[in-house]
Amino acid sequence: MLKKDRYRAFVDYFSTHNPDAQTELNYRNPYELLVAVILSAQCTDKRINQVTPALFARYPDAETLASSSVDEVYTYIKSVSYPNNKAKHLVGMAQRLLADFNGVIPEEVNDLQKLPGVGRKTANVIASVIYQAPAIAVDTHVFRVANRIGLVDAKTPLAVEKQLVRYLPRETLAIAHHWLILHGRYVCIARKPKCEECPITWMCRYYERNRMPGTKRKKAVDTPQ
């Protein structure tokens with residue numbers, strides 16, 4: 001399948017079968033989404049959703065979070081991965097947000113990355129979800145699935161991002177992020193993809209090379225776990 005045909009098939013399938021895909025993180029405003037995404041690094045959305053209700057009740061806005069101590073924030077997030085660093089990031093983020101952006105979550109990816117705890121992936125999530133910017137965040141799921149399907153042939157998250165931005169229709173970039181994450185979370189899982197349950201094997205390069213009946217199984221070129 002040619003690259004342009006694979007992209008067309010990918011967009012056609014998911015726009016039909018999952019037209020309302022969105023983040024599984026619970027949030028009510030841009031501030032809450034930013035906090036949740038910072039916390040979600042190397043942690044499950046399920047765990048973050050268990051932690052954030054009490055966290056948001058105690059810190060409903062950047063002002064209350066900025067005036068807190070790292071030690072106190074830690075008590076609310078100690079069950080997530082890397083709680084010490086994330087507590088520092090959250091307090092620092094809130095303080096920088098107030099000092100440099102008047103408490104308003106910035107729209108630009110470069111500005112977002114000036115906030116502690118916000119890397120390119122997090123910045124792209126906020127820009128695309130909150131401001132509908134033509135950006136796509138590349139986490140481990142997006143990296144893995146985009147390579148497996150054959151949308152990209154890339155060895156770094158930035159390279160994946162650039163290829164997806166180049167070939168996906170601009171208006172689909174934000175939702176394509178969620179299509180790839182959800183497919184990677186529930187079907188195209190890291191260690192053993194559920195090809196027998198997958199509805200898009202007909203467009204998938206990994207399946208074509210490794211699982212299709214009558215083909216010699218090749219060593220999969222997969223992403224880091």
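Contact here means heavy atoms within 4.5 Å of each other. Keep in mind that this is a predicted model.

- The buried residues of helix 9 are His-141, Val-142, Phe-143, Arg-144, Val-145, Ala-146, Asn-147, Arg-148 and Ile-149.
- Their cover includes helix 1 (3-17), helix 10 (157-167), helix 11 (173-186) and helix 12 (205-210).

**The two ends of helix 9**
- Where helix 9 starts, Asp-139 places a side-chain oxygen within 3.1 Å of the backbone nitrogen of His-141.
- Just after helix 9 comes Gly-150, with a positive phi of about 105°.

**The nonpolar cores**
- The largest nonpolar core contains 39 residues, and Val-35, Leu-65, Ile-77, Leu-90 and Met-93 have the most contacts inside it.
- At least two residues of this core come from each of helix 2 (30-40), helix 3 (45-58), helix 4 (62-66), helix 5 (70-77), helix 6 (83-101), helix 7 (109-112) and helix 8 (120-131).
- Helix 2 gives the largest share of this core, with eight residues.
- Leaving aside residues up to four places away in sequence, Val-35 touches Leu-55, Phe-56, Leu-65, Leu-90 and Met-93.
- Apart from this core lies another one, of 32 residues, including Val-11, Tyr-13, Val-145 and Ile-175.

Methods: Residues numbered from 1 in each chain as written. Predicted model: local features only at pLDDT ≥ 70, side-chain atom pairs only at ≥ 80, totals over all residues. Heavy atoms only, no water. Core = buried A, V, L, I, M, F, W, Y, C linked by side-chain atoms within 4.5 Å. Buried < 20%, exposed > 50% of the residue type's maximum accessible area, 1.4 Å probe, protein only. Helix = DSSP H or I, 4+ residues; strand = E, 2+ residues; numbered from the N terminus. Polar contact = N/O pair within 3.5 Å; in protein donor to acceptor, adjacent residues only side chain to side chain.
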